[in-house]
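Please read the questions and answers below with the model open beside them. Each answer sets a value against a definition and then draws a conclusion.

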Amino acid sequence: MTAPGSATDATVVVVGAGISGLTAARELHRHGVDVAVLEAADRLGGRTMSETTALGSTVDLGGQWIGHDHHRLMALADELGLTRYQMHTGPMPGLIDRSRRLSAISPAVLTAVAALVGVEVLSRTGVPRRWSDRTVESWLRRVPGRTARRLLEVIAEVSWTADLDRHSVYAMARMIRLQGGVRTMLSTKGGAQDSLLVEGMKGLADGLAADLDSRIRLGHKVVSIARDSSGVTVQTTAGDIRAAKVIVTVPAPVAGSIDHQPPLPLDRARLVDDTYMGSVYKAIAVYDRPFWRQGKGGELIVLDGPGSGVFDTSPPDGPGHLCVLIGGPAARELDGLTADERRRAVLEPLVSQIGPDVLRPVSWHEKSWHTDEYAGGGYMALPVAGALDGLLPLPSTPVGDIHWAGTETAGDHPGYIEGAIESGLRVAQEVARALRDVRD
């Protein structure tokens, strides 16, 4: 991979070295297309990011899970020689409210389940479009019981990283359908969080990039894209590149900083205003061993404190990894704390269920994705309530020689790594076909 340098011409420029961009670039390169990948950050991976712990294991601070039906991701991981392992999970997560474990048949839990089932039924039978103006926050106010409302709030914030006063019931129902239903969406084993990679998603990004080495330019933030009758000129902070085609893989709210000449069509430009990036904080606490397995397990939905989803992501041979996700406004509220204060806020609500040893991790890793200048947030771009244009999957119809990819454009599993791969493969075929048509 090259550092920032002089301008270079390529047949196709790919904007963004996340999983979608790397997939598209690798596919085009394998078909003999001269490709250049431009990445604003100083690393690969986009909304995936791996770190090595003090005990030598690998943790993922971004996207990490392989769903039970994420066949493209499974096939790619196997092709790259990566090691998949299933999540260690019980029949259902513990539900913690005010340091007490809620019964699965408590009135609050049954009320929350009934509300979710109701939305799923609507998602399959058709949600009225007028509900695009009704926010999830307003819907929650109609659910009886403080605990039931709080449980639904935490589930929604962790699942979609949304501000619930900006997220519509219509969008929520649509996402439930696109993500395979409530059961699949929330389940670990056999669901959307079925398995992981020992090597982390860094192994995936590095494997995709292996054949592209000199074609990847880190530290190249795209400033503008100018279209003319013979191709495109991509202006970056490190020089200009001339190409026949450009593929934009970064999410719409982030891509809004790119100036286009001539301006994009109104329906395409409107996506910037009709979407925003979710807010999410992720932490991994690492221990010598997964000691919580001797007790009630480490899979929890915690209503106390900032509200979180907790997962046992420990690799088969150890050490112990506890993954904590906090979404929406609660994630941003952690930004004003020191690192030690954040760790206490995240771990102290777990003491009543896991024990005081949870406060003493050997290694601590955290990432606030909404503060990442280049990712903009996570897990995906979300539609603003009332905006139908921002609903997933986002449109990917080319604008002249500009083509669009990214997980948000996937027809299958948008918002997941699987969707990123699907979109990368799709756009590579689309561009290769367009280039052949020009030659012919």
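Q: Why does Arg124 count as exposed?
A: In this predicted model, Arg124 has a relative accessibility of 53%, and because exposed means over 50%, Arg124 counts as exposed.

Q: What makes Glu120 count as buried?
A: The relative accessibility of Glu120 is 16%, and since buried means under 20%, Glu120 counts as buried.

Q: How do you know that Glu120 forms a salt bridge with Arg124?
A: The closest N and O atoms of Glu120 and Arg124 are 3.0 Å apart, and a salt bridge asks for a side-chain nitrogen of Lys or Arg within 4 Å of a carboxyl oxygen of Asp or Glu, so the pair meets the definition. Glu120 and Arg124 are four residues apart in helix α3, which means that about one helical turn separates them.

Q: Why are α3 and α6 called roughly perpendicular to each other?
A: The axes of α3 and helix α6 (residues 169-178) cross at roughly 80° and come within 8 Å; because angles of 65 to 115 degrees count as roughly perpendicular, the two helices are described in that way. The contact is made by Val119, Glu120 and Ser123 of α3 together with Met172, Ala173, Ile176 and Arg177 of α6.

Q: Why does the pair of Asp163 and Arg332 tie together parts that are 169 residues apart in sequence?
A: Asp163 forms a salt bridge with Arg332, with the closest N and O atoms 3.0 Å apart. Asp163 lies in the loop between α5 (146-160) and α6, whereas Arg332 lies in helix α11 (residues 329-333), so the pair links parts 169 residues apart in sequence. At 8% relative accessibility Asp163 counts as buried, while Arg332, at 33%, is partly exposed.

Q: How do you know that Asp228 forms a salt bridge with Arg242?
A: The closest N and O atoms of Asp228 and Arg242 are 2.8 Å apart, and because the cut-off is within 4 Å, the pair counts as a salt bridge. Asp228 lies in strand β10 (residues 222-228) and Arg242 in strand β12 (residues 239-243), so this pair ties together parts 14 residues apart in sequence.

Methods: Residues numbered from 1 in each chain as written. Predicted model: local features only at pLDDT ≥ 70, side-chain atom pairs only at ≥ 80, totals over all residues. Heavy atoms only, no water. Axes fitted to C-alpha atoms, helices over the stretch in contact; angles between N-to-C directions. Parallel < 35°, antiparallel > 145°, perpendicular 65-115°, else oblique. Contact = heavy atoms within 4.5 Å. Buried < 20%, exposed > 50% of the residue type's maximum accessible area, 1.4 Å probe, protein only.
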